[in-house]
Amino acid sequence: MTAEPAAYTQQTACGEDTRTPLRDFLRTETGSAAVLVAGALAALAWANIAPGGYASFWHTHLSIRLGGHGVSLDLREWVNSGLMTFFFLVVGLEARREFDLGELRDRGRLLLPLAAGLGGMLVPIALYLAVNAGEDTAGAWGTAMSTDTAFALGMLAVVGRRMPEGLRVFLLTLTVVDDFLALAVIAVAYSERVEWAALLVAAGTFGVILLVRRLGVRRGAVYAVLAVVAWLGLLESGVDPVVIGLAMGLITYAYPASRTDLERASGLFRLFREQPTPELERSVRAGIASALSPNDRLQRLYHPWASYVIVPLFALANAGIEIGGDQLARAFTSPVTLGIVLGYVVGKPLGVIGASALTAALSRGRARPPIGWGAVTAGGTLAGVGFTVSLLIATLALDGPDLEDAKAGILAAAVASFAVSRVVTAVIGALPEERRRRALFGEAQSLVDLAVPVDPDRDHVRGPRHAPVTVVEYGDYECPYCGLAEPAVRALLGDFTDVRYVWRHLPLTDVHPRAQLAAEAAEAAALQGRYWELHDLLISHQGALRPDHLRGYAAEAGLDTARFERDLRAHAGALRVAEDVDSADLSSVAGTPTFFVNGRRHHGAYDLAGLTAAVRTARERAAVGTR
């Protein structure tokens, strides 16, 4: 059975595919790294072909006025202080998502990435200050401390294809901490003379935003107007106004779509189908919107713009430096350039690895990285690429030749960090298999997303009763996407003899009216010890699940049909199905199919390649845990 690749990412009921916002974030940031590089190269070409035109263009003033009041900034300032607010909004949204739903929902896991992010900033700062001691440029220490998320994840996609998925999450969490601290530094150390009245207006407006959120107001226009007022207050105060973007992102809740909300949305749509009136159309829109968290909606709206337009435009506005023999000779003898390169290429890895090791030691192993120390090392070298925030601070702290030297150092550090990262990943790949596994996966316990563990005495298990890898599917016999997944599951079990497969029922009765009865029919077969025989018939005949069809399948499966009909009429399997549904709710499962591999929710395609990759990762992690 064949299907388009996209078909293997779809789900019923939730209206979304199995890609989560976190995976979308990783994919978008990785893809946008190429656009970011293109923006930087375009800036370099422009600055060297027409240096006067490059400088004069970005110094062009643009004013927005209303009556006697307005804002007048040059184009570079509009990019750096205006558009970059949306970039930091996206950073804040992702930080909040990780805190609410991701790795950091276990608050005990916050300590190590926080320490790694802090160490990855302090050590580069110390190295920069050591190189620039006694120089006027010592005050620009902030240029050597912040990692660029887009560049780092883009580099990981190139050099770390065999790295564990946890490295991406670890690196993302570290850079979120990094960005948060970097913005705090900008607000405190690199803001102009503070106008306290304007700052109080901004703070008071943010207080109103918190009050409005507490009152349950969901209209985006209200928050947008208040955020603009706060931005203007910060701009007038002398504090970099991009801070409001991060703050707005951090207060925006993230939560999974609940099955109750999705069923309500389905009901509203059915009403609209029967009576397509403007009033019901508004109700349908509101119902669908309420099923998704504000964090999800804002990320989907702003993230592509931030990644593909705003950050590359920032690179175009700030990365232009004249390259020539004299300029390069001056730059690479400049303490600014040397301090930045040393801080990123040497200080970042030392800070990340050292802080992680120190935290693990002081906590006596309670706080461990979610990956092995080899992967942590790769994360440290990848974190040595600074661009967006580093350039932003450079433009605030330096000018003239010193600013040009800082830009040269930032670009050189990115190239050097890429080279070092490639060497580190190559060394890890060359290790013997057992050492490589331990270097990649470590010994930390991974988070478990499956709320109700598999019980071989209760669950329907196909494969070895006790196996190192367990694949759990929440499915619906009438769901076409479950039917698409079935051949991949069969092939997976044929390829791996040490994998067990568990099916749990999640009949989506609001969209599949015969799914509940089909699930009860499977449980009636289980009462006669022939669950999998009937399961296979049901999943392969999804369009024919009426009671007469079920009786025919029972006979084909070799069941006592009289007993089967009695059990089906008595709903003997209803309680068992309800228990599976309850376990799905506890695991925040809202659509089918949803897969878990060794307790971790599988995000991505559920074709054979996607499931095989997840199983292999789980096997390697399990192999490390048994030694």
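Mentor: Start with residue classes: Ala, Val, Leu, Ile, Met, Phe, Trp, Tyr, Cys and Pro count as nonpolar, Asp, Glu, Lys and Arg as charged, and the others, Gly among them, as polar. By that scheme, the lining of the second largest pocket has 23 nonpolar, eight polar and six charged residues. This is a predicted model: local features need pLDDT of at least 70, side-chain atom pairs pLDDT 80 or more, while totals for chains, interfaces and linings use all residues. Residues are numbered from 1 along each chain as its sequence is written, and side-chain values use heavy atoms, without hydrogens and water.

Trainee: Why does Asn295 count as buried?

Mentor: Buried means under 20% relative accessible area, exposed over 50%, partly exposed in between (1.4 Å probe, protein chains only). Asn295 has 0% relative accessibility, so Asn295 is buried. Its side chain reaches the backbone oxygen of Leu93 at 2.9 Å.

Trainee: What makes the pair of Trp141 and Tyr190 tilted?

Mentor: Rings of Phe, Tyr and Trp (its six-membered ring) pair if their centres lie within 6.5 Å; planes under 30 degrees apart are stacked, over 60 edge-to-face, the rest tilted. Here the centres are 5.7 Å apart and the planes at 50°, so the pair is tilted.

Trainee: Trp141 and Tyr190: which is buried, and which partly exposed?

Mentor: Tyr190, at 10% relative accessible area, is buried. Trp141, at 24%, is partly exposed.

Trainee: What about Tyr501 and Trp532?

Mentor: Tilted too: 5.9 Å centre to centre, 45° between the planes. Tyr501 is buried at 1%, and Trp532 is buried at 14%.

Technical notes. A polar contact is a pair of N or O atoms within 3.5 Å; within protein, one must be able to donate a hydrogen and the other to accept it, and residues adjacent in sequence count only if both atoms are side-chain atoms.
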